[in-house]
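Subject: Structure handover

Hello,

Here is the structure I am passing on to you. My notes on it follow below.

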Amino acid sequence: MRFHKLVGSTLAATLLLAGCGSGDAAGGGAGENALPGAAEFLSSPCPEPAAKPAGGGQLVYWSMWTADEPQGKVLQKALKCFGDKTGVKVDVQWLGRKAYTQNLVPALNTDTVPDLFDQDVSKVGAAIMTPGGTQSLDDVFGMKIGEGDKTVKDVLSPTSYDFPQNKDREGHSFLVPYEIQSSAWWYNKAAGGALGQPKTVDELIGYFDKAKADGKAAVSQDGDIPFYNMYYFTQLAERYVGAGGLAKAAQDPTGRAWTDVPGFREAAAQTARISKYFIDGWDAAKFPQIQQRWADGDARFLYVGTWAPSETREYLDKQGAGTKIDYGSFQFPMPPGATHDTVEQMSIGFAVPKKAKNAEAAKAFIAYFLNKGNLAGIPAVADNLVPRPDLAVPDDLKPVKTVMDDQKKEHVLQYDGIDAIAGGKWQTDVFDPADTALLKGQLTPEAFVAQLAQKSAAFWKNQH
């Protein structure tokens, strides 16, 4: 469910649903790929809330989902339960992914803001927290969730919320997660058999060569989505510089980090090897055409987030041919000379605006939604992961979740958070043009890091 542009544009409007796992099929519809347990969850009884705002009150919530999306269905149920159980009058606006830019950001300068909104942590940090538009949610972590004495902090995985990019200027957490995402290489085990985790990039390239020998394209890539194009270089670079390394380089006012750190050039070299295997037309199609070609079997591999199974199931159901995919996945291998065994994670969650009139009700709902009786709907209905380690993991996502739970791994915020730097402008102005040119073979690895260095220095000079 990733959309990183912080500016409105015609292109942005066409991409807002990229990577969301949306639609009835993904939410337990009646099709060939319907999820077991979805209907059962949506008809289950309401859990009891631990916190009830004094005198009922009101809750105004602007949602990043639409009402008919799987996550929207789960939240609708929880909101109705919360209202029925607490007497709070719930006013929800199903605004979709555009809510935080087109609705919330303009509202920050007025007195008309919601009490609660949701987005991924990078977007909230860039667009809302940075200009001072959020309030601390530290107290929420101590609130009970309606399961005995269990608190929010007791049930959440620390890696889902306790990281630098979820801290405001005073060091307070501004987001409480309810869904987590990662990414992986996806393939259909029914098409070519199960594959092991490649230990080297050479071994990964061997998988691509085998696909081509079988008459298939190797890699489906929707090249009109900049943050899909970001995956390759950032995943590889993180393994050289570790958590915070990319963000540090991006914020270097001289730009010299890009050329001074050898790992960046080597990551670019390995990225250039992979992009040569992209499916024909990858840079000319419109999302989700190339992803759908992968689902149709035209290409062997797809690298996107953990929403891949739910999105492609939805597509296959709409085709009505009874086609199913036996989803397999693995992680990026360690590139030559890299020393950081990383895994990326992105948290999606709730935040409360600084000017919220009903913060007490908002915080009470956050705690309530993290009750397992509510949060279990994310895996059951939306086929996505949650930050509670004790809840179910969808079968197709178990290999990714195992890696995310590995304490030996170095956890990194997706793209190391470079998409949120300078309100997202560093990515769009500096990184995206160079990255696209690298993937298209228009820049050598050396020219790629040189351009990042030069353009980044110019960018920061113009910020003053």
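What joins the side chains of Lys 409 and Asp 341? A polar contact of 2.8 Å does; a polar contact is a pair of N or O atoms within 3.5 Å, where within protein one must be able to donate a hydrogen and the other to accept it, and residues adjacent in sequence count only if both atoms are side-chain atoms.

Before the rest, some ground rules. This is a predicted model, in which local features need pLDDT of at least 70 and side-chain atom pairs count only at pLDDT 80 or more, while totals for chains, interfaces and linings use all residues. Residues are numbered from 1 along each chain as its sequence is written, and side-chain values use heavy atoms, with hydrogens and water left out.

Lys 409 lies in the loop between α18 and β10 (410-413); helices (H or I, at least four residues) and strands (E, at least two) are DSSP runs, numbered from the N terminus. Not counting residues up to four places away in sequence, Lys 409 touches Asp 341, Thr 342, Val 343 and Val 403, where contact means heavy atoms within 4.5 Å.

Next, the domains. The chain is divided into domain 1 (50-181 + 347-402) and domain 2 (182-344 + 413-462), with bounds from an automatic or database domain assignment. Their C-alpha centres lie 29 Å apart. In contact are 15 residues of domain 1 and 19 residues of domain 2. The two domains bury about 1,300 Å² between them, 55% of it on carbon and sulfur atoms; buried area is the accessible area (1.4 Å probe) that two parts lose on being put together, summed over both. On the domain 1 side, Gln 181, Asp 396 and Val 400 lose the most area to domain 2, together 43% of what that side buries.

Two salt bridges are counted between the domains, a salt bridge being a side-chain nitrogen of Lys or Arg within 4 Å of a carboxyl oxygen of Asp or Glu. Asp 383 forms a salt bridge with Arg 313, and their closest N and O atoms are 2.4 Å apart. The elements giving two or more residues to the side of domain 1 that touches domain 2 are α5 (121-129), β4 (176-181) and α18 (398-404). The largest share, three residues, comes from α5.

Last, the whole structure holds one disulfide, a pair of cysteine sulfur atoms within 2.5 Å. This disulfide joins Cys 46 to Cys 81, S to S 2.0 Å. Cys 46 lies in the loop between α2 (38-42) and β1 (58-63) and Cys 81 in helix α3 (residues 70-86), so the pair ties together parts that are 35 residues apart in sequence.

Regards
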